[in-house]
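Work through the exercises below with the structure open. Each task is followed by a solution in steps.

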Amino acid sequence: MSPRPTVRVAAVDASGDVLNLYTGHRRITGAEPDRPWAVYLAGPDGLFRLLCFDLDSKTPGAAAAAERDADVLAGLLVDVGLEAVVCASGPSGGRHVWTALAEGVDAETVATLARLAKHLCPTLDLSPLSNAATGCVRPPGAPHRAGGHSTVLSGELRALTEPTGTAGRVRDLAERLARLVDDAEPAHSTDPHKPLPLDDHSRLFLPGPRRELAAVSAAALREDAASGDASAVLWRVLIGVAAARWRHADVAALVDTAPGLEHVRSFRDRGMRRTRGRVDAARTLRRQWDKAVKFVATTDRQIGDDPTFDPRADAIAAHVRELQARADAAAGRWTRGGGPADRRILDVLCVIALQALSGSVEADTRRLALLAGVGRETARMALLRLSEDGWIARARAADGPHGAHWTIDPQALIHSSKDKGRSQADPRPAGAGAAERSTLLVTLTARMTAAAHDLFTLGRPALGHHAGNTYARTSSEPQTIHDLSRATGASTARTALTLDRLTSAGVLVRSRDGWRRTAVDHRRTAAVRAGIDGRLAERTERYGIERELWAWWRAEETWMRAPRRTSSKRRPGRGQLSLVPEDGTNAYGPHPRRGDGRLDWREARRIVRDERGGTAHRVPTFEPAESIDAAEQLLFDILGAVRIA
C-alpha cells in the first residue's frame with residue numbers, strides 16, 4: 001500500500017527505548033522492521049495516494065471521543081463513495097481511519113480537508129495530512145511502541161492495496177465537510193420569505209421526503225451528552241434531523257432512549273443534572289425544535305448569489321491562518337513586556353478582518369480594547385509595537401468620527417493568486433473558503449472570549465494578561481506543562497507558576513495527565529472572590545460615555561464652524577432630531593455651556609450618564625496606569641507585588 005519505495009522507522013534512545021520519532025528508513029522490499037514503522041501518505045511527486053485520519057487518545061477520557069470521531073469520519077467517507085478501513089492504533093484507544101486513492105490528490109486540497117475535519121472531530125492530529133513530504137502513519141499490523149499492533153476493526157485491507165478512490169470523491173468529501181462545519185445542512189428548496197408549514201401537531205417542519213441522518217448528526221444522537229455540553233449536542237441533533245426532513249414527532253419518540261437528547265430530559269443545576277418533569281421536557285423540545293427548523297430554513301452556508309464570496313473568504317482565511325502560524329512560531333514575542341496584550345490585539349484584528357473579508361479594517365482603540373479585555377492606552381501601545389515589528393501597518397489615519405484603518409497584510413499578499421498553477425480539472429472544493437473562514441472565526445473568537453475577563457486584567461488581585469492568554473489555550477482535555485509552555489512561548493518555570501495561580505483561583509484543575517478547565521466555568525466566581533467582578537463592564541460603560549461625549553463635541557464643533565444661518569429656526573433640542581438630521585445636530589441637543597459661554601464638560605457627562613442609566617456598572621476597584629512597563633508587570637505576575645503608592 002506504500003506510495004513510496006521506503007517506509008519510516010521509529011528511533012530509539014541510548015537506553016533502547018522506542019521514541020515517537022520516525023527518523024529511520026527501510027526499503028519495502030526488505031524485512032519488516034522489529035519496531036514501529038510508518039508508510040508515507042503521499043508519493044514522491046507530492047500527491048496523496050493515501051488518506052489517514054489519525055485520532056489521538058492521549059488520556060483515558062479521550063478514547064471515547066476518538067472512537068466517536070472515527071465513526072463520524074468513516075460514515076462521511078462511505079457517504080461520498082470512499083472505502084473506509086478503521087483501525088485501533090494501539091493499546092491507548094486511538095483510531096486510524098484509512099482510505100486509498102487510485103489517483104493523486106494535491107496537498108492543498110488534503111490540508112483543507114484535514115482542517116475542516118478537525119473542526120468536527122477534535123481528536124484529529126493534523127500533522128500527517130498537512131505535510132506531503134513527511135506525513136506518515138503506522139499501517140495496519142505495524143507495532144505500537146507501548147505494545148500491541150495496529151488492528152483492523154472494520155473494512156477490508158483489500159481496499160488499501162487495491163485502491164478505487166478518486167480525486168473527485170475527495171473534493172466531494174471536502175465539500176460535505178464544508179457544509180457541516182456550522183453543524184447545519186442548508187435547505188436549498190425552502191423559501192425563507194414564506195411561512196413554514198405546520199404538521200398535524202401544529203409544529204413547524206421542512207417539506208420533503210425524510211432522509212437518513214448525516215454521519216455527524218447521527219453521531220450526536222448517540223453521544224453521551226450528559227458528560228459534556230448537553231445543550232450544544234441537542235442543537236447539533238435538531239438541526240441535523242430538521243435538515244433531513246424529520247418531524248417533531250420523530251424526535252419526540254426518541255427522547256426517552258437517545259443519549260444525545262439528554263438536555264430535553266434533564267438540566268444542569270450546580271454541577272449536577274436534575275430530571276425535568278414531562279411538561280417541562282415537552283416545552284423544552286418544542287421551543288428548541290422550532291428554533292432549529294427556522295435556522296435550517298433560513299441559513300444557507302453556501303456562497304449564495306455572490307460568486308466572489310467563497311474565493312474572497314478563502315483568501316482572507318489563508319492569510320489569517322499563515323499570520324497565526326507565524327505568530328505561534330514566534331511565541332516568545334508574546335510573553336515579554338506588553339507582548340501578552342500585543343497578541344490579544346493581533347487576534348482581535350484577525351477576527352475583524354475575517355468578518356469584513358478584508359485585510360484592512362477600521363478599528364478605533366476603544367473598540368479593540370473592549371474586545372481584547374485590555375485598556376485603551378494598552379491597545380494603543382500594542383498597535384504601535386505591532387506596527388513597528390511589521391505584524392500590521394496603519395493603512396489610514398483617523399479622520400473626524402472615523403477611527404484609524406489598520407491592515408494585517410502590510411506586504412499586500414492577500415489578493416495574490418493562491419490558485420496559480422491549479423488546473424481546471426483540479427478545482428478548489430466548493431464552499432471550502434467560507435468553511436475555513438468559519439473555523440478560524442470560531443477558534444479565535446473562543447480564544448478572545450476566554451481571555452477577556454475581569455480575572456485577567458492588570459493589577460492585583462487580578463491575574464494579568466499572560467494568565468488570561470494561558471487560560472485561553474487550555475481546554476476540557478488535560479494538557480501537559482510542556483504543551484502549554486510551547487503554546488504560550490513562556491518558559492517552563494513561568495508556565496508552572498501561571499498554572500499554579502490559575503489552579504489556586506479555581507479555574508483550572510490539575511490531574512495526573514495535566515491541566516484542564518473545570519467542568520463549570522468559575523472565572524466569575526474567582527473574580528467576585530477577588531473583588532474585581534465588573535471591572536470590564538465598568539470600562540465598557542466608561543468608554544461608551546466617552547464615545548457619546550466625543551460625538552456630541554464633534555457635532556457642536558460642526559455647528560459652530562458652519563456658515564451663519566439666516567433662518568430663525570432653532571437648533572433641535574434633546575430628543576428632537578428629525579428623521580434626516582442636519583449637520584451639527586445631536587440627539588442630546590445643543591452642548592451645555594457655562595455662564596461664560598465655554599463648553600460645560602461636567603454637565604455634558606452628567607447628561608450622557610443619566611441618559612444611559614447612571615453608574616450601575618461602576619466598580620470601586622484600583623486599576624493601575626495602563627502604561628505599565630515590563631518590570632512592573634513582572635513584579636505583579638511573578639512576585640505577587642501590590643502597588644501602594
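## Exercises on a predicted model

The model is predicted.

**Exercise 1.** Find the helix that lies across β4, β6 and β7, and give its angle to β4.

Solution. The helix is α2, residues 107–120. Its angle to β4 is about 20°. Another helix, α1 (residues 62–79), lies across β4 (48–55), β5 and β6, and runs at about 25° to β6.

**Exercise 2.** Which strands stand at the edges of the open sheet of 5 strands?

Solution. Start with the strand order, which is β7-β4-β6-β5-β9, with antiparallel pairing. The edges are β7 (124–125) and β9 (151–154); each has a single partner strand, so one side of each lacks a neighbour in the sheet. Next, look inside the sheet: β5 (residues 85–88) and β6 (residues 95–105) pair over 4 bridges. Within this pair, Val 86 has Val 97 of β6 as its bridge partner.

**Exercise 3.** Is His 591 buried or exposed?

Solution. First place the residue: His 591 sits in the loop between α20 (535–561) and α21 (601–611). Its relative accessible area is 4%. Buried means under 20%, so His 591 is buried. Beyond its neighbours within four places in sequence, His 591 contacts residues including Trp 552, Trp 553 and Glu 556.

**Exercise 4.** Where is the residue Arg 245, which has a positive phi although it is not a glycine?

Solution. Most residues other than glycine have a negative phi. For Arg 245, phi is about 70°. Arg 245 lies in the loop between α7 (230–243) and α8 (248–252). At 7% relative accessibility, Arg 245 is buried.

Conventions:
Residues are numbered from 1 along each chain as its sequence is written. This is a predicted model: local features need pLDDT of at least 70, side-chain atom pairs count only at pLDDT 80 or more; totals for chains, interfaces and linings use all residues. Side-chain values use heavy atoms; hydrogens and water are left out. Two strands pair if DSSP finds at least two bridges between them. Helices (H or I, at least four residues) and strands (E, at least two) are DSSP runs, numbered from the N terminus. Contact means heavy atoms within 4.5 Å. Axes are lines fitted to C-alpha atoms, for helices over the stretch in contact, and angles run from 0 to 180 degrees between N-to-C directions. Buried means under 20% relative accessible area, exposed over 50%, partly exposed in between (1.4 Å probe, protein chains only).
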